[in-house]
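This report describes selected features of one protein model and its ligand. Please inspect the sequence and the coordinates before reading on.

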Amino acid sequence: MRDVAVIGVGMNKWGELWELSHRDIWTSAALDAIEDAGVDHVDAMYVGCMSGGLFVGQEHLGAMLADQLGMGPIPGTRVESACASGGLALRQAYLAVASGAHDIVLASGVEKMTDVDGAAATYALSTAADQEYECFHGLTFPGLYAMMARAHMERYGTTIEQLAHVASKNHANGAKNPNAQFPMKVTPEQVLASPMVADPLRLLDCSPITDGAAAVVLVPLEMARKLSDGPIVRIAASAHATDTMALADRAEISAIESTARAAEQAYKAAGIGPDDLSFCEVHDCFTIAEVMVIEALGLVEKGQGGQAAASGLTALDGKRPVNPSGGLKSKGHPVGATGIAQVCEVAEQFRGGAGERQLDDPHWALTQNMGGTGASSVIHIFERVGREAGR
Ligand code: COA
């Protein structure tokens, strides 16, 4: 297998983008990534999209978007793993370059969620849960994560105040991100006073409904060294694991086992552990998700995730920064694009271009993207390397 690097990234401002179509949003991010990479073509492309059919009535995205890019007849593949579609598209692109099948590959993600009303968006998202055993009985995603939150509170004593600190921390970071959908700062008190969605999760515990896209260009590391004149983003590990769809089939619903399994593979492949990471971008679709994910990644002991944001551990200036981009909570969550946008943040941070949210000299970073309540998890680890071989 060849070493692989990210040499170009593209992402537009996320939000309710009524003036732009699904394909416009994607094309803008894809062209930005290609321009940033300094290449004039790609050999293949992957697009993560959870539900083009239910959100905008458009499927067959691999072919459509390759054509839209003006680069047909390259192979164009649409990848779906619910909210982990972007992360899995990145993994397919990584495997294509690492295996030698292609040299220059675009990994991208897109979702346009606001063209349908709230009920239709909730239904589209619910197709990522178990229809027969969960949704037919009235469960929605906020409802499923509310049950996970209750279980975590019962088992470990996690409090709603601690969850509110997760939202407040991520909005503080998102306030420094010009691409964020909700870049306003919120205090824990404002989170606790926001409308109840699914007890104990309130409006400000939830990621929003978002239109957005993101794209990155991957090449073999040796090619990246010739094309780039700055720090290079090497993909040090790519891992993917699954779990049961229905929460009822899990031994414990206050943990994300697929993330723990993928993390174990990823740390082994990269030859590092959680203590080596400069920062992580994780899937905080609800505040409780960030709590469970940082435990699964080994950033904190099991049961200690609730305290992490409240104590400042995961803040931008904390010992273990989590979601410097603002996360899904503040930056937004156009589901198919989220896993790719996490990589855009890694590249910005490694290149020193993250503006007010820039971390001090980051070297290792991890991205964690998951589908549904964790039935699928995709993890990548990145290393900042120099242009010279031997790093
Ligand atoms: N964070 C901050 N503000 C939010 C927000 C969020 N997540 N969602 C909506 N808002 C704001 C809106 O901008 C609006 O503000 P305004 O009144 O000043 O214009 C207000 O809150 C109400 O917005 P609205 O769109 O009517 O909210 P809603 O009640 O229809 O939807 C949720 C709110 C939380 C139910 C919806 O965002 C949701 O379902 N989120 C979860 C998405 C999800 O499950 N993703 C997959 C995860 S695996």
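## Ligand contacts

How far is a nitrogen atom of the ligand from a polar backbone atom of S207? The separation is 2.9 Å, which falls under the definition of a polar contact (a pair of N or O atoms within 3.5 Å; within protein, one must be able to donate a hydrogen and the other to accept it, and residues adjacent in sequence count only if both atoms are side-chain atoms). A backbone N or O atom of C206 lies 2.7 Å from a nitrogen atom of the ligand, and for a polar backbone atom of P208 the distance to a ligand nitrogen is 3.3 Å. On its own, the ligand has 920 Å² of accessible area, of which the protein covers 60%; such areas come from the Shrake-Rupley method with a 1.4 Å probe, and for residues only the protein chains shown count as cover.

Around the ligand there are 15 residues, a residue being near a molecule or strand if one of its heavy atoms lies within 4 Å of it. Those that come nearest are F182, C206, S207, P208 and K329.

## Basis of the model

The model is predicted: local features need pLDDT of at least 70, side-chain atom pairs count only at pLDDT 80 or more, and totals for chains, interfaces and linings use all residues. Residues are numbered from 1 along each chain as its sequence is written, and side-chain values use heavy atoms, with hydrogens and water left out.

Strand β7 covers residues 211-220, and ten of its ten residues are buried, so the strand is largely enclosed by the rest of the structure. Here buried means under 20% relative accessible area, exposed means over 50%, and partly exposed lies in between (1.4 Å probe, protein chains only). Helices (H or I, at least four residues) and strands (E, at least two) are DSSP runs, numbered from the N terminus.

Two strands pair if DSSP finds at least two bridges between them. Strand β1 (residues 4-11) pairs with β7 in the antiparallel sense over seven bridges, and V9 has V216 of β7 as its bridge partner. Strand β4 (residues 105-112) also pairs with β7 in the antiparallel sense, over eight bridges; in this case G212 of β7 is the bridge partner of E111.

Helix α7 has 15 residues, which at 1.5 Å a residue should span 21 Å; its end C-alpha atoms are 21 Å apart, which agrees. The expected span is 1.5 Å times one less than the number of residues. Eleven of the 15 residues of α7 are buried, so that the helix is mostly covered. Among these buried residues are L163, V166, K169 and H171.

The structure holds 17 salt bridges, each defined as a side-chain nitrogen of Lys or Arg within 4 Å of a carboxyl oxygen of Asp or Glu. In one of them K169 meets E290, with the closest N and O atoms 2.6 Å apart. K169 lies in helix α7 (residues 160-174) and E290 in helix α11 (residues 287-296), so the pair ties together parts that are 121 residues apart in sequence. Both K169 and E290 are buried. E345 and R357 form another salt bridge, at 2.8 Å from N to O. This pair links E345 in helix α14 (residues 338-351) to R357 in the loop between α14 and β10 (364-371), twelve residues apart; both residues are buried. Salt bridges that share partners also join D3, R234 and E383 into one network.

## Backbone geometry in loops

Most residues other than glycine have a negative phi, and most peptide bonds are trans. The peptide bond from G72 to P73 is cis, with omega near 10°, and P73 has its place in the loop between α3 (61-68) and β3 (76-79). The bond from D199 to P200 is also cis, with omega near 15°; P200 lies in the loop between β5 (196-198) and β6 (201-202).

H60, a residue other than glycine, has a positive phi near 60°. H60 is found in the loop between α2 (52-56) and α3 and is exposed, with a relative accessible area of 62%. D361 has a positive phi of about 50° although it is not a glycine. D361 lies in the loop between α14 and β10 and counts as exposed at 52% relative accessibility.
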